[in-house]
Amino acid sequence: MGTRGMVACSQPLASEAGMRILQQGGTAADAAVAMAAALNVTEPCSTGIGGDAFMLWFDAKTKEVTAMLGCGRAPAGLSLEA
């Protein structure tokens, strides 16, 4: 249980990178990007630039948990509006 932020990944140094981003006022998305970048260095055999992203985050305003499953290729016709 955490009251000021939480991150999780397979490598402690990458988790630390994510926590440091949160402690400096970054968002959950900022922390996820930092952890992904750190994993490229700490676990190069398991991840790579442009890899998949799986996230859960809690919106304090709406009191809802949202999930993002960012894997696979994006459709060629996808727009930012969609």
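This is a predicted model: local features need pLDDT of at least 70, side-chain atom pairs count only at pLDDT 80 or more; totals for chains, interfaces and linings use all residues.
Residues are numbered from 1 along each chain as its sequence is written, and side-chain values use heavy atoms, with hydrogens and water left out.

The protein chain has a mean pLDDT of 86, with 98% of its residues at 70 or more, where pLDDT is the predictor's confidence in each residue, from 0 to 100.

Strands β1 and β2 pair in the antiparallel sense over 7 bridges, pairing being assigned if DSSP finds at least two bridges between two strands. Two of the bridge partners are set out below.

| Residue | Bridge partner in β2 |
|---|---|
| Phe-54 | Leu-69 |
| Phe-58 | Val-65 |

The hairpin of β1 and β2 has 4 residues between the strands, and Lys-63, found in the loop between β1 and β2 (64–70), has a positive phi of about 60° although it is not a glycine. Most residues other than glycine have a negative phi. Lys-63 is exposed, with a relative accessible area of 62% (buried means under 20%, exposed over 50%, partly exposed in between, with a 1.4 Å probe and protein chains only).

The largest pocket has a volume of about 930 Å³, and 29 residues line it, of which Ala-8, Ala-32, Met-35, Phe-54 and Met-55 lie nearest its centre. The elements giving two or more residues to this lining are α2 (28–42) and β1 (53–59), and α2 provides the largest share, 10 residues. On a 1 Å grid over the protein atoms alone, a pocket is an open set of points with protein on both sides within 12 Å along at least five of seven lines, and lining residues have an atom within 4 Å of a point. The lining divides into 23 nonpolar, 5 polar and 1 charged residues.

Definitions and conventions
On a 1 Å grid over the protein atoms alone, a cavity is a set of points where a 1.4 Å probe fits but cannot get out, and a pocket is an open set with protein on both sides within 12 Å along at least five of seven lines; lining residues have an atom within 4 Å of a point. Grid points are joined across faces, edges and corners, and a volume is the space filled by probe spheres set on the points. Ala, Val, Leu, Ile, Met, Phe, Trp, Tyr, Cys and Pro count as nonpolar, Asp, Glu, Lys and Arg as charged, and the others, Gly among them, as polar.
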